[in-house]
Amino acid sequence: MKYIASLLTMLSVLFSVKGEEIPFNGLIVDAGGKPVSKVRVWVKDEGSYATSDKQGRFGLSEVNPTDTLNLKIKKKVYRIAVDGRKSMKITVIDAGIKEVNEEPEIMDLGYGYVKRRERINASSGITGARLRATGQSNILDALRGLVPGLNISGSSRNGDQSVTIRGIHSINSSNEPLYVVDDLPVSSLDGISLYDVERVEVLKDAPIYGSRGANGAIIVTTKRGRP
């Protein structure tokens with residue numbers, strides 16, 4: 001019995017480590033050190049990509065030491081071997097990739113670069129204009145019936161709304177999704193005016209937010225917080 005218990009403990013540790021997602025952060029700059037934005041970065045599937053932001057930053061969460069990064073810059077694709085690195089500072093010039101270095105400072109930022117820029121999960125994006133066209137004043141009320149799998153019951157006026165994206169899979173724990181406004185997790189969307197919304201994205205699975213995203217996420221970008 002002791003042997004079986006020890007074996008089960010070892011297996012649980014093994015699977016927990018294997019299932020842990022380690023963020024891979026990157027920074028893309030030009031020869032003068034200025035950030036390069038709008039560079040598409042992916043590993044195996046171009047449909048699952050990250051895009052460098054205005055500071056040249058990008059983030060991924062599923063990068064193995066033997067993988068190869070693909071960078072699309074001005075319609076040209078460049079391939080960079082990860083070669084065991086856990087982060088990258090990439091210097092690009094007109095002719096292509098000039099230099100690649102591992103940057104511990106970037107790596108230590110954890111999920112700071114990943115956030116919602118990584119498109120690795122099934123999601124439904126809806127513009128604020130589309131939501132306002134429903135005639136509703138509440139974000140959740142406007143989302144009703146627009147996203148497959150999104151179930152909104154109750155009334156926002158009575159304060160008894162219940163929201164699920166992946167259905168009810170826990171009796172004891174909450175099945176409510178994570179709410180994120182302009183990259184900041186919030187407890188609810190009650191204080192957000194629909195007229196300030198630029199875009200709403202519904203993620204059926206949001207592992208980049210850790211355990212908080214286990215029930216999916218509803219991500220709101222306002223006109224003031226747009227990238």
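Is Asp 53 buried or exposed? Asp 53 is buried, with a relative accessible area of 13%; buried means under 20%, exposed over 50% and partly exposed in between, using a 1.4 Å probe and protein chains only.

This is a predicted model, in which local features need pLDDT of at least 70, side-chain atom pairs count only at pLDDT 80 or more, and totals for chains, interfaces and linings use all residues. Residues are numbered from 1 along each chain as its sequence is written, and side-chain values use heavy atoms, with hydrogens and water left out.

The structure holds two salt bridges, each defined as a side-chain nitrogen of Lys or Arg within 4 Å of a carboxyl oxygen of Asp or Glu.

| Salt bridge | N to O distance |
|---|---|
| Arg 57 and Asp 53 | 3.0 Å |
| Arg 144 and Asp 141 | 3.2 Å |

Arg 57 is partly exposed at 26% relative accessible area. Arg 144 is partly exposed at 36%, while Asp 141 counts as buried at 14%.

Four strands form an open sheet with mixed pairing, in the order E4-E1-E7-E8. Strands (E, at least two residues) and helices (H or I, at least four) are DSSP runs, numbered from the N terminus. Two strands pair if DSSP finds at least two bridges between them. The edge strands, E4 (57–60) and E8 (96–101), each pair on one side only. E1 (residues 24–30) pairs with E4 in the antiparallel sense over four bridges, and Gly 26 stands opposite Phe 58 in E4.
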